[in-house]
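Take a look at the structure first, and then we can walk through it together.

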Amino acid sequence: MHPFERSEYERRLERTKDRMREEGLETLFLADPANMNYLSGYDGWSFYVHQGLVVSLDHDQPVWIGRRMDENGAKATVWIDHENLRSYSDDHVHSPVDKHPMDFVARVLEEMDRDDTRIGVEMDASYYTAKSHQRLQERLPEATFSDATLLVGWVRIKKSDAELELIQQATELSEAAMQAGIDAIGAGVPESTVAAEIYHTLIEGTDEFGGDYPAIVPLMPSGEHTGTPHLTWSDEPFEEGDPVIIELAGCRHRYHSPLARTAVVGDVPEEMGRVGEVVVEGLNAALDAAEPGVTCEAVERAWRETIARHGIEKADRIGYSMGLGYPPDWGEHTASLRPGDETVLEENMTFHMIPGIWTDELGVEISESFRVTATGAERFSSFPQRVFSV
């Protein structure tokens, strides 16, 4: 069930340890399921309970820690030796007072002689709770804790050829699902029916491979709400003249390729068409600016200066590093395409550029996922860049 060769996981682990040394860390405890997957291969819908991965400079392999009923799932998906799988009993789950999974994690760290080391933890990760941190501090009073939220994220930012291949396969799913969604839209068709067609296509996949569940559900703000991103669908039917934004991502072995387009039931209103043309022009200007050696803020500047010539301003970031992900996000939380981000682009970094325009009157999203090549930027998708009339 491993999507990568063992050697790739070992390279990832060594790069992570190099960064740990740079940060003065002897131990790393990861709770972000994407980081757990990246270093161990573990893949299961078990992140609703506490789990984690320990990386130690003194140990050749990571140690997986999770719920006992999930240990067989670890055996089925990880590359590490099964002796490095440690599981806690079910009475630790949602126990109100006397037991907590971090008590077990602390015992494992003690057994590994990690209890008095400098331990990096993901203070801002979605699945590392305040209670978790408090409990670890109480159980490991000799340890020194440090915030290492983005340590593995910065290791992940440059993709291997094998990762890029999975993102390209995810793109095939994205394009098929986007076309299915656009084809399903029509006056009298419930929004939920369109969402169902999108989901069906994302999961059914192609003749060669199937799809995985995306880290974010298809987003479908419509009607007067297209200026409000991050809304999903309702069961209301589309009406003639309704605009709708579709943002989705194909997912292949947890690697994503996000894609957004805008459509209108019937003719595209003149102003929306104009804004759509500006978005496309600015999007491609930013893509043209992306190449190794330039900064994230320089890429965003190309977009901002282009749309300014049309009297349009946008204050939000226009993109972010993306790839491997679990709910609630396919973004890597590292580099962003926005003013002030001086991250220098390097070959095989991957981004989702989504320079949407949202106002009280309308919204237009036309996005592209791309990778930085040796000479510039390359779109993963070739889906048409326009506002669609359906």
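Aspartate 18 is partly exposed, with 40% relative accessible area (partly exposed lies between buried, under 20%, and exposed, over 50%, using a 1.4 Å probe and protein chains only). Its salt-bridge partner is arginine 21, at 3.0 Å from N to O, and arginine 21 is also partly exposed, at 45%. A salt bridge here means a side-chain nitrogen of Lys or Arg within 4 Å of a carboxyl oxygen of Asp or Glu. Helices (H or I, at least four residues) and strands (E, at least two) are DSSP runs, numbered from the N terminus.

This is a predicted model, in which local features need pLDDT of at least 70 and side-chain atom pairs count only at pLDDT 80 or more, while totals for chains, interfaces and linings use all residues. Residues are numbered from 1 along each chain as its sequence is written, and side-chain values use heavy atoms, with hydrogens and water left out.

Arginine 6 is partly exposed at 39%, and glutamate 10 is partly exposed at 35%.

Which side chain does aspartate 90 meet in a salt bridge? The partner is arginine 67, at 2.8 Å from N to O. This pair links distant parts of the chain, 23 residues apart: aspartate 90 is in the loop between strand 4 (85-88) and helix 4 (101-111), and arginine 67 is in strand 3 (residues 63-67). Arginine 67 is buried at 9%, whereas aspartate 90 is partly exposed at 40%.

## The nonpolar cores

A nonpolar core is a set of buried Ala, Val, Leu, Ile, Met, Phe, Trp, Tyr and Cys residues joined through side-chain atoms within 4.5 Å. The largest has 39 residues, and Leu28 and Trp64 have the most contacts inside it. Among the elements giving two or more residues to this core are helix 1, strand 1 (27-30), helix 7 (161-184) and strand 9 (319-326).

Beyond its neighbours within four places in sequence, leucine 28 is in contact (heavy atoms within 4.5 Å) with residues including Thr16, Met20, Leu53 and Val152. A second, separate core has 31 residues, including Leu283, Ala290, Ile318 and Met349.
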